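Reader: I have a new model on my screen. Can you show me how to read its features one by one?

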Amino acid sequence: MFDIQTIDDRREAIALATPAKHKSALGQFMTPSVIARFMAGMFAPLAEKSIRLLDAGAGIGSLTAAFAERAASESAASLQCEAWEIDTKMHEPLRATLAACGALMAGSGGAFRSSIQSEDFILAFADLFAHDKMAAPTHAILNPPYKKISSESAHRHALRGCGVETANLYSAFVALALLSLDDGGELVAITPRSFCNGPYFRPFRELILARSALMKIHVFESRTQAFKGDEVLQENVIFHLVKGAKQGQVAVSSSEDSTFSAVSTRETPFNEIVLPGDREKIFHLATSEATDATTRATARYCHTLDGIGLGVSTGPVVDFRMREHLRTEPGPGRAPMVYSHHFEHGFVKHPKPEAKKPDYIEINEETRKWMMPAGCYVVVRRLSSKEEKRRIVPAVFTPEAAHGDLIGFDNKTNIVHAFKNGLPAEVAKGMALYLGSSFADRWLRRFSGHTQVNAGDMRALRYPDIETLHTWGRTVGNRLPNQEEIDQIVGGV
Ligand SMILES: C[S@@+](CC[C@H](N)C(=O)[O-])C[C@H]1O[C@@H](n2cnc3c(N)ncnc32)[C@H](O)[C@@H]1O
């Protein structure tokens, strides 16, 4: 008798019995049945279909089990499962799961066959694929292992042989599975959200967009929830791709946690997910909080930083490398050093001796090249903690805040500038107002699951035009308004 609870019990027992080191070496984070069922539910109807299912990195077969349950309930004509699992310790429970799937299919009158492949999926599958020695799967369901792969590893070479350039096992598994699918074949995977942005995953995003249509994507709003027992810290997403299909609207859904008790779904035009003209092909995921106001603001604040003549850089002074040049007192030949602890009500207040960090830096041959010319800038904190409400914390730096021809900006900040020079004061103030809005903060969260805000994230964000920044900036005195007022001015929430 098929019982998904038994599979859950086995999964928990194995997770408890497996040393953390072994789990982390093989990226073994098993999917709870509630998520597995949600994933299986994302495929198009299965009735009367002859299915060849690929489960790569199958573990004890939780995903295949959920898929078989659905295939049987919809009377699929046949189900042929190929489960790839390198860890032989998983094979016995995996075999038991596959046997249960067979019984289930038999109960609904469908044919069933299965096999377990114990080789390394990347190495062996890449070889089969490259030599055209396999029957293309019609469906793939994956919770792949997460692990970096180094550029000279055997994995990387095998992947390159198939035209896949990627630096993590999870994206490698998805890429290979996608390439191997039949035309019109479907893939559902749960992975970290990290592939949605960042230069390392750009080739992977390009591959997804070139080979398939993104039909659905589900976001877990709170960290760690999807794999509570296994302490996975990144945000996760589940997505559904159809190979060779034409891209239409995307169903973006979200839930607070893995109980899926309050799922909200929004049909999103594709050009709100990947913005037109974005060479980085970042995936923006607007979830439940998206409203009409958000949509309107998204359409209005659509400019790239570059497009409005501004730029952003990481603060150039790495203070621990410059330690010998840092000073606590001002003096001739010294420039102000600006850190995020100088932020106060959206402006840089300098100096701050109570912070017990040097407020100045000696100007000499070694330090000069890391400094920026005097002027107005927007400084943005790069690091925040998970608990903090906001990711983007901006402050305006004005020349009145600290005198000198040069300024040292700490490396744990980002600096918005105009061709490495200061901005007009109103533009800087308007920009700080925009960056301080809930709208901008939420926009950033759509594509970044990290607590860090890097220059790349700031470039991926979209902005109002320069006139709007100017108008807003004129209303700002020497402190930013409170959150509520900022949100009223910027709108979008
Ligand atoms: C994140 S777990 C997911 C297991 C299962 N799909 C689930 O959802 O419960 C990934 C699985 O991939 C297996 N694995 C890791 N590297 C592999 C490789 N190179 N080839 C095949 N399987 C691998 C691990 O042993 C682990 O069982």
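Author: Start with how elements are named. Helices (H or I, at least four residues) and strands (E, at least two) are DSSP runs, numbered from the N terminus. Ser340, for instance, lies in the loop between β12 and β13 (343-344). Residues are numbered from 1 along each chain as its sequence is written. The model is predicted: local features need pLDDT of at least 70, side-chain atom pairs count only at pLDDT 80 or more, and totals for chains, interfaces and linings use all residues.

Reader: Is Ser340 buried, exposed or partly exposed, and which residues does Ser340 touch?

Author: Count C-beta atoms, placed from the backbone. A residue is buried if 20 or more others lie within 10 Å of its own, exposed if 12 or fewer, and partly exposed in between. Ser340 has 19 within 10 Å, so Ser340 is partly exposed. Contact means C-beta atoms, placed from the backbone, within 7 Å. Leaving out residues up to four places away in sequence, Ser340 touches Arg381, Lys412 and Thr413.

Reader: How do I read strand pairing?

Author: Strands of a sheet pair through backbone hydrogen bonds, either parallel or antiparallel. Here, two strands pair if DSSP finds at least two bridges between them. β2 (residues 78-84) and β3 (residues 111-117) pair in the parallel sense over 7 bridges. Leu79 stands opposite Phe112 in β3. From β2 the chain crosses through helix α5 (residues 91-107) to β3, a right-handed β-α-β crossover. Right-handed means that, with the strands pointing away from the viewer, the path from the first strand over the helix to the second runs clockwise.

Reader: In what order do the 5 strands of the open sheet stand?

Author: The order is β11-β15-β12-β19-β16, with mixed pairing. β11 (326-327) and β16 (372-373) are at the edges with a single partner strand each, so one side of each has no neighbour in the sheet. Inside that order, β12 (residues 334-338) and β19 (residues 406-409) run parallel, joined by 2 bridges. Val338 stands opposite Phe409 in β19.

Reader: How do I find the buried side of a helix?

Author: An α-helix has 3.6 residues a turn, so residues three or four places apart point the same way. In α15 (residues 466-474), the buried residues are Leu469, Trp472 and Gly473. They cover an arc of only 100 degrees around the axis, so they sit on the same side of α15. That arc is taken over the directions from the helix axis to the C-beta atoms. Glu467 and Arg474 are exposed on the other side of α15. The buried residues of α15 pack against α12 (425-435) and α16 (483-490).

Reader: How many residues of α12 are buried?

Author: 9 of its 11 residues are buried, so α12 is mostly covered. The cover includes β17 (377-381), β18 (394-397), β20 (413-417), α13 (438-447), α15 and α16.

Notes:
Two residues are in contact if their C-beta atoms, placed from the backbone, lie within 7 Å.
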